[in-house]
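Subject: Structure handover

Hello,

Here is the structure for you to look through. My notes follow below it.

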Amino acid sequence: IPTDNPWVPLRILGLGKAPAERVQADVFLLTDDRPALLPGPGVIIPNDGLKLAHADAASASLLEDLRSDKGMGWVPASGWLTKLEIDAAAEQLTFDLAIDASGGDAPSPVDAGFAPFGPTPAPGSPVPYLLLVAAAVIVATPLLGDRMRRARSASGPLRPA
């Protein structure tokens with residue numbers, strides 16, 4: 001991958017499809033070294049439809065075969081081959097694939113579509129939702145307790161039937 005901030009536009013695979021329609025595709029990456037990916041298959045977004053099918057040094061015979069095709073003289077003598085398999089509903093592909101092949105292990109959240117205006121938690125992070133639920137419980141508990149006490153005092157003491 002010849003650019004500084006490479007990415008693969010995965011979300012375009014779902015364009016023109018119904019939300020539940022399946023997208024099945026293979027993505028092959030040839031990099032100098034093992035790349036860091038965002039999202040990593042199933043890591044950031046559980047059940048994201050990505051599967052790491054192959055990650056290993058590219059064989060010399062594969063690279064020779066690729067170089068032998070017209071216009072493919074740029075293929076290096078060695079490299080890392082990564083294959084991702086996509087099998088997802090079109091509505092699941094709300095992200096792109098950011099790649100860091102530099103060895104820095106820092107693919108861009110912006111390139112992956114997780115942070116268009118700066119760093120934000122990746123989709124699927126439960127932390128904001130858990131904080132919201134906790135705040136709602138903290139606020140609602142005293143209010144409900146007070147209402148229950150008022151209802152009991154308004155109905156008078158309980159008498160046996």
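The chain has an average pLDDT of 79, and 66% of the residues score at least 70. pLDDT is the predictor's confidence in each residue, on a scale from 0 to 100. This is a predicted model, so to speak of local features we need pLDDT of at least 70, side-chain atom pairs count only at pLDDT 80 or more, and totals for chains, interfaces and linings use all residues. Residues are numbered from 1 along each chain as its sequence is written, and side-chain values use heavy atoms, with hydrogens and water left out.

One stretch needs care. Over residues 118-123 the pLDDT stays under 50. The model has eight contacts for that stretch beyond four places in sequence. A contact means heavy atoms within 4.5 Å.

Overall layout

The chain has three helices and six strands. Both are DSSP runs, numbered from the N terminus: helices are H or I with at least four residues, strands are E with at least two. From the N terminus on, the order is β-β-β-β-α-β-β-α-α.

Of the 161 residues in the chain, 27% are buried. Buried means under 20% relative accessible area, exposed means over 50%, and partly exposed is in between (1.4 Å probe, protein chains only). The accessible surface of the chain comes to about 10,900 Å². Carbon and sulfur atoms account for 61% of that surface. Areas come from the Shrake-Rupley method with a 1.4 Å probe; for residues, only the protein chains shown count as cover.

Take the contacts between residues at least 6 apart in sequence: 73% of them join residues at least 24 apart. Leu30 lies in strand E2. Its relative accessible area is 18%, so Leu30 is buried.

The sheet

Three strands form an open sheet in the order E1-E6-E3, with antiparallel pairing. Strands E1 (7-8) and E3 (36-38) are the edges, each pairing on one side only. Two strands pair if DSSP finds at least two bridges between them. E3 and E6 (residues 97-100) pair over three bridges. In that pairing, Leu37 stands opposite Ile99 in E6.

Salt bridges

Side chains of opposite charge can pair when their charged atoms come close. A salt bridge here is a side-chain nitrogen of Lys or Arg within 4 Å of a carboxyl oxygen of Asp or Glu. The whole structure has six of them.

Start with Arg11 and Asp96. Their closest N and O atoms are 3.1 Å apart. Arg11 is in the loop between E1 and E2, and Asp96 is in the loop between strand E5 (80-89) and E6, so the pair ties together parts that are 85 residues apart in sequence. Arg11 is partly exposed at 32% relative accessibility, while Asp96 is buried at 7%.

Next, Lys83 meets Asp26 in a salt bridge, at 3.9 Å from N to O. This pair links distant parts of the chain: Lys83 is in strand E5 and Asp26 in strand E2, 57 residues apart. Asp26 is partly exposed, with a relative accessible area of 44%.

Then there is Lys51 with Glu85, whose closest N and O atoms are 3.8 Å apart. Lys51 lies in strand E4 (residues 50-57) and Glu85 in strand E5, so parts 34 residues apart in sequence are tied together. Glu85 counts as partly exposed at 26%.

Asp26, Lys51, Lys83 and Glu85 are linked in a network of salt bridges.

Surface and backbone

Which residues make the nonpolar surface patch of about 290 Å²? They are Ile12, Leu13 and Leu15. Patches are made of residues with over 30% relative accessible area and no salt bridge; like charges are joined within 9 Å, and nonpolar side chains (Val, Leu, Ile, Met, Phe, Trp, Tyr) within 5 Å. Leu15 lies in the loop between E1 and strand E2 (22-31). Leu15 is exposed, at 64% relative accessibility.

Two backbone points remain. Leu38 and Pro39 are joined by a cis peptide bond, with omega about 0°. Pro39 lies in the loop between E3 and E4. Asp105 is not a glycine, yet has a positive phi of about 55°. Asp105 sits in the loop between E6 and helix H2 (109-112) and is exposed at 61% relative accessibility.

Best wishes
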